[in-house]
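Look at the sequence and the model below before reading on. The report describes one protein chain in plain terms.

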Amino acid sequence: MPDITRRRALTTAAALAATASAAALVAPAASAAGHDHGHTSPDTFDEVYKGRRIQGRPSSGGGHHNEHGGGYAVFVDGVQLHLMQNADGTWISVVSHYDPVPNPRAAARAAVDELQGAPLLPFPAN
């Protein structure tokens, strides 16, 4: 068995401690989000939020934007709000891109808050 130096032992211990710390930080965030990484479709919704009609439902259409939205479509006053589901299961939109939320309904509400009464403009299709 090769001789283990003090430096090698300390390096190994530090690496193990860093790995354990990273796992401890990631695990609560994943469980707190209350999702299962997109394995189930979010609930359908249709409501008026701050005077704006927001709707969300599973979508069957293909295309680049539906791939990111996990097959789910959200509308604000009839205009589609393009969504993306992150790897951790949170959702972001083109309106509130830097503020992840737990589900599409929360993304629609965040967009309404951010728009502050302005209309949502259609996102150009490429």
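The text below goes from the whole chain to one strand and then to one helix.

This is a predicted model, in which local features need pLDDT of at least 70, side-chain atom pairs count only at pLDDT 80 or more, and totals for chains, interfaces and linings use all residues. Residues are numbered from 1 along each chain as its sequence is written, and side-chain values use heavy atoms, with hydrogens and water left out.

**The chain**

The protein chain has 3 helices and 6 strands. Both are DSSP runs numbered from the N terminus, with at least four residues (H or I) for a helix and at least two (E) for a strand. Their order from the N terminus is α-β-β-α-β-β-β-β-α. Of the 126 residues in the protein chain, 27% are buried; buried means under 20% relative accessible area, with a 1.4 Å probe and protein chains only. The protein chain exposes about 8,400 Å², and carbon and sulfur atoms supply 58% of that area, by the Shrake-Rupley method with a 1.4 Å probe. A contact means heavy atoms within 4.5 Å. Among contacts with a separation of 6 or more, 42% join residues 24 or more positions apart.

**Strand β3**

Why is β3 described as largely enclosed by the rest of the structure? The reason is that 5 of the 5 residues of β3 are buried. On one side these are Y72, V74 and V76, and on the other A73 and F75, so both faces are covered.

Two strands pair if DSSP finds at least two bridges between them.

| β2 and β3 | antiparallel | 5 bridges | I54 with V76 |

β3 and β4 form a hairpin with 2 residues between them. In the turn, D77 has a positive phi of about 55 degrees.

**Helix α3**

Helix α3 has 12 residues, 104–115, and should span 16 Å at 1.5 Å a residue. The expected span is 1.5 Å times one less than the number of residues. The end C-alpha atoms of α3 are 16 Å apart, which agrees.

At the start of α3, a side-chain oxygen of N103 comes to within 3.2 Å of the backbone nitrogen of R105. After α3 comes Q116, with a positive phi near 50 degrees.

Which residues of α3 are buried? They are P104, A107, A108, A110, A111, V112 and L115. These buried residues pack against β1 (45–49), β2 (52–58), β3 (72–76), β4 (79–81), β5 (83–85) and β6 (91–93).

Notes
Buried < 20%, exposed > 50% of the residue type's maximum accessible area, 1.4 Å probe, protein only. Polar contact = N/O pair within 3.5 Å; in protein donor to acceptor, adjacent residues only side chain to side chain.
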